Amino acid sequence: MRILSLLFFSLITLSIMAQKTQKPPLHARNWMAITGKPLSANAGAMIFTQGGNAIDAACAMLAAGCTMWDVLSWGGETQAIIYNPTTKKVISINALGVAPTGATAEFFKSKGYDYPPEYGPLAAVTPGTPGGLCFMLAEYGTMSLKQVLAPAMQMADGYPMEDETARSIERNKERIKQWPYSKAVFLPHAGQQWEAPEAGEIFHQQDLLQTLQKMVDAEQEALKKGKNRREAIYAAYDRFYRGDIAKEFVRGCQEQGGLITLEDLAKWKPIQEEPLKTTYKGIDVYKLQQWSQGPAMLQALNILENFDLKSMGYNSTRYIHTIYQSMSLAFADRDFYYGDPYFAPDEPIHGLLSKDYAKERAKLINWDKNDPKIGPGDPYPYEGKTNPYRDVMKQRGFVAYNNTPIDENYLDALHRGTTSIEAADKVGWVVSVTPSGGWVPSCIAGHTGVGMSQRMQSFVLDPSIDPFNVVEPGKRPRVTLTPSLAMKDGKPFLAFAVQGGDTQDQNLLQFFLNVVEFGMTVQEAVEAPNINTDQLWLSLGGTKTDDRKPKPGSILLDINTPDFTRKELKAMGYKLTFGERTSGPINAMYFDWKHGTIWGGSSNNGEDYGIGW
């Protein structure tokens, strides 16, 4: 029976690989640009055709995506992983905003919250995207800010509204009406039955256009004064964070009840970091530091390296169980140990990423059933230390899990989207970005046209949930945003990212294994069915603890999962749900060094789109 089962799942893998994908793969020799909206991908292509490098193109796509409200805005956050062909090193960019003055656990508790709010001015950390864009462009781009922002500025002056965004605005219009500046931008047909822009209608954002023009003016004035390209871009940066744009942003934020101050903006800055990495079967996989959830994928890979996944068969019962249990172990550690590394206490990240620690975690897998009581482990001995949080972990114990039915609100919090950006060029620059924040319904800060971030909700107020991620002024929340880069034989192998809240590293883990273990092409891998686990603390969502608690054994499966697999999983204690869409839209690139070309993959689960040449 075991042999027949393995044969069946081997045939499934071959069948997936033999089918024509719903989207064609992209092929390019010189450059490639992939992101969440067709117009944004076109912005990247425009920059490439003008001679820009992958950094220039990524910045143009980021600017266009923010202007289109592609589940993010200019007031959100940007994080990137970059391969620099000059130094042959991988670097990461941390352009995540911080909690403002007055944002303490006591402040939010006094308002009756268990978590900071999801929406509105009190959900805002300081804006990171303008600074992150300027930093990447100044340090590693080749073009001026004026050139790179040109597509976004044309769009701010008016672009045809897309159906998905129009429906999102209309669906959220009652919340939007709470904020006067948002109402003025998003609801041009106020008082009518349909108040949002209509699909195809030209959508104008004059306040945002003026903000971007002010940044370009600052750059151009600096150039006239003899400043070089880099210095001139930082002049634009200063105008946003310390000049008249900052003053209007803060005025508009505080008028609506927000906490951000001029000092908060002036003190914030993007940071270039050393990314974290692990090695899986000779492939180096890079992720952002522990202020993101990225290390959870690295931990899961370390656990999975102890098993022969290929022999299990793609999406067999044993394979699904192994992936689920490994992710539960990794996410339990994420939920307790991850936080801002620039604030005390120090996260035990070296222990968490230890191969020996992973082997011990792997031994905990029960091969007969799901373990609903998986909790954080103890990585401190793998750093030669004693865990100072043993008492906190005992206090935390096994949480009273959330066994309420999964509804639309839960799914929205679990999968809440952002966008992703992948860019590469012939010189060798590779960029993977997962920007987010300020999505609809967004509270716009005064007459800047800039929607404020909602990332404050990813902090906790209760240290027994995660002592490393308790909100305090100047601190970055632990976010779900997680671009990825894999290197093989010292060269870029894969660049990949996805939207989707807590499911991001679940989807990316399986995408990576689809390519490495099952030999799928990049387009096959982004379209292949995933599983999703709900056995984790939600990073986004409601303000009450019960809204965020794990749902042990809850699993999302592809609607075409065979009946016998369903029966076997049910017998192992899993609670099954099904969907045609089991991952966010994954965007990815594969670097074919044999032929000197780039393969691009863009999932069929969204509006994501790529262009290559």
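## Briefing on helices, rings and a loop glycine

Just after helix 6, G158 adopts a positive phi of about 145°. The model is predicted, so local features need pLDDT of at least 70 and side-chain atom pairs count only at pLDDT 80 or more, while totals for chains, interfaces and linings use all residues. Residues are numbered from 1 along each chain as its sequence is written, and side-chain values use heavy atoms, with hydrogens and water left out. Helices are DSSP runs (H or I, at least four residues), numbered from the N terminus.

**Helix 6**

- Helix 6 covers residues 145–156, and its twelve residues should span 16 Å at 1.5 Å a residue; the expected span is 1.5 Å times one less than the number of residues.
- The end C-alpha atoms of helix 6 are 16 Å apart, which agrees with that expectation.
- Its buried residues are L145, V148, L149, P151, A152, M153, M155 and A156, where buried means under 20% relative accessible area (1.4 Å probe, protein chains only).

**The loop at G226**

- G226 is placed in the loop between helix 10 (206–224) and helix 11 (229–242).
- With a relative accessible area of 63%, G226 is exposed; the cut-off for exposed is over 50%.
- A separation of 45 Å lies between the C-alpha atoms of G226 and E164, which are 62 residues apart along the chain.

**Aromatic rings**

- Rings of Phe, Tyr and Trp (its six-membered ring) pair if their centres lie within 6.5 Å, and by this rule the count comes to 24 aromatic pairs.
- Y234 and Y237 have ring centres 6.2 Å apart and planes at 75°, so this pair is edge-to-face, a term for planes over 60 degrees apart.
- Y234 and Y237 are three residues apart in helix 11, and are therefore separated by about one helical turn.
- Both Y234 and Y237 are buried.
- One aromatic cluster is formed by Y234, Y237, F240, Y241 and W268.

**Charges over rings**

- A charge sits over a ring if NZ of Lys or CZ of Arg is within 6 Å of the ring centre and within 35 degrees of the ring normal.
- K488 lies over the face of F493, 5.3 Å from the ring centre.
- R566 has its charged end over the ring of F578, at 3.8 Å from the centre.

**Helix packing**

- Helix 14 (residues 294–304) packs against helix 16 (residues 317–337) at an angle of about 135°, and their axes are 9 Å apart.

Terms used:
Helices (H or I, at least four residues) and strands (E, at least two) are DSSP runs, numbered from the N terminus. Rings of Phe, Tyr and Trp (its six-membered ring) pair if their centres lie within 6.5 Å; planes under 30 degrees apart count as stacked, over 60 as edge-to-face and the rest as tilted. Axes are lines fitted to C-alpha atoms, for helices over the stretch in contact, and angles run from 0 to 180 degrees between N-to-C directions.
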